[in-house]
Amino acid sequence: MIRPFVVCAVLRGVALDQARYNSFIDLQDKLHQNLCRRRTLVAIGTHDLDTLEGPFTYEALPPSEIKFVPLKETKEFTAEDLMEKYKADLKLKKFLHILEGSPVHPVIFDSKRRVLSWPPIINGAHSAITLDTRNIFIECTATDLTKAKIVLNTMVTMFSEYCTNKFEVEPVEVISANGLSAVYPDLTCRKMEVSLSYISSALGVTLGVSEVTGLLNRMQLPATKGDNIEGSDPTISVQVPPTRSDVLHPCDVMEDVGIGYGFNNIKQTTPKCVTQGRLLPLNEFSDSLRAEVAMAGFTEVVTWILGSFEENFDMVKRNSEKQKAVVVGNPRTSEFEVVRTSLLPGMLKTLGHNKDHPRPVKLFELSDVVILDPKKDVGARNERHLTALYCNANSGFEVIHGLVDRIMQVVGVKAVSVGDNTGYFIQPSEEPVFFPGRQANIICKGSQIGTFGIVHPEVLQNFLIPDPCSILEINIESLH
């Protein structure tokens, strides 16, 4: 199933006014945006139970077979029609990608086959909550069961306060397709044993067991003396309530102790060990190189690390590099679809937006690009690149070539003849972004570290640049 998990609960005798209703909806929106990861992990549906009849069924059907009247509508639509309709809806269109391309869509029915919700997009109008609603049915469909439980617990613990019997929640039995039964919500407390020495050493304050338990109880984390109270390192037993899903590690307990004690009450002390901070070698080298390029008359720019496929590849005639790029899974706009593999497109885009600037234009950028790398644990690696651009009535190829020589001079790499691996040399290249016969690769100690040349007229036209220009790009990590 496309969203295989569902958890449910019922709140009875809820007294809603406009402020409570707005707060109820606002909490759902905030959970959807944050913990639910914009509904990709969990989608929350809330319904007027008195308009429905159980038992409820959670099914996956082709979108053409799902028919209902959605919220804020009076006409019946199929899910297939709504997928097209909501492409123009500013709020809902950003969730359509979750179901797009799937042959079946999730849907929840009551016993009379009335649609409660079409998760994670929208609920049915039939069971919409109003200020007159007294019994609320809450369902959370999810791709992550743990997150679904946390979201459901958050909803019911926050709003069971407004029930006739305060803080009373009616459980719901969920029977899965394989016949296994589970009852939700699970409001049991989690037990954590935290070392007293860990809390004291982390805070820098010597505290006793009774003092720590008192502070934690003030912070609404029920705490007692731990099982190891007689040992050399006493422990604190903490009962983590369902309202505190943020408590995952002893450091979270330590933080609450610190808040209860008051961080301003902790005396400032001199660290027992002496350390000396400094820049990473690559960053230190980058700053030195920036200064040298700036002294050569170039102005530094900083461009976005994200861009569109068109700008990064098509407009610079580098379609073959698409396979090396890290792609954004759910981009907010078409401008931010992929992580750049080269600084060159951003530099040309900057020039295109400043084409009326007095000539000559001399720009440079020294930043990271990202390349896919299966050998890395995250599947990609950063590379520090330098790019520089010269634009004038003439191409200025000799200016960029001179900058290459200057960079090599300041980093201590000597110019050698072709084939000599003790220094650097240039040799002809065939990059489509550059004009044929007016480009070169930079070979340093046997490896290609960069390229430079006169930008091809087609590429200039793509970026609406009226004058010729030359550009350089070097991977500087092999130089520092």
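Trainee: Hi! Which residue follows H4, and what is its phi like?

Mentor: Gly204 follows H4, and its phi is positive, near 80 degrees. Helices (H or I, at least four residues) and strands (E, at least two) are DSSP runs, numbered from the N terminus. This is a predicted model, where local features need pLDDT of at least 70 and side-chain atom pairs count only at pLDDT 80 or more, while totals for chains, interfaces and linings use all residues. Residues are numbered from 1 along each chain as its sequence is written, and side-chain values use heavy atoms, leaving out hydrogens and water.

Trainee: Thanks! Which residues of H4 are buried?

Mentor: In helix H4 (residues 196-203), they are Leu196, Ile199, Ser200 and Leu203. Buried means under 20% relative accessible area, with a 1.4 Å probe and protein chains only.

Trainee: Why do they line one face of the helix?

Mentor: Seen down the axis of H4, they fall within an arc of 95 degrees, so they line one face. The arc is taken from the directions from the helix axis to the C-beta atoms.

Trainee: And what covers them?

Mentor: The cover includes strand E12 (190-195), helix H5 (209-218), strand E14 (235-240) and helix H6 (250-261).

Trainee: New topic: what order do the strands have in the open sheet of four?

Mentor: The order is E3-E6-E7-E8, with antiparallel pairing. Two strands pair if DSSP finds at least two bridges between them.

Trainee: Which are the edge strands?

Mentor: Strand E3 (57-61) and strand E8 (122-123), each pairing on one side only.

Trainee: How many bridges join E6 to E7?

Mentor: Two bridges join strand E6 (residues 105-109) to strand E7 (residues 115-118). Ile108 stands opposite Ser117 in E7.

Note on methods. Buried < 20%, exposed > 50% of the residue type's maximum accessible area, 1.4 Å probe, protein only. Contact = heavy atoms within 4.5 Å.
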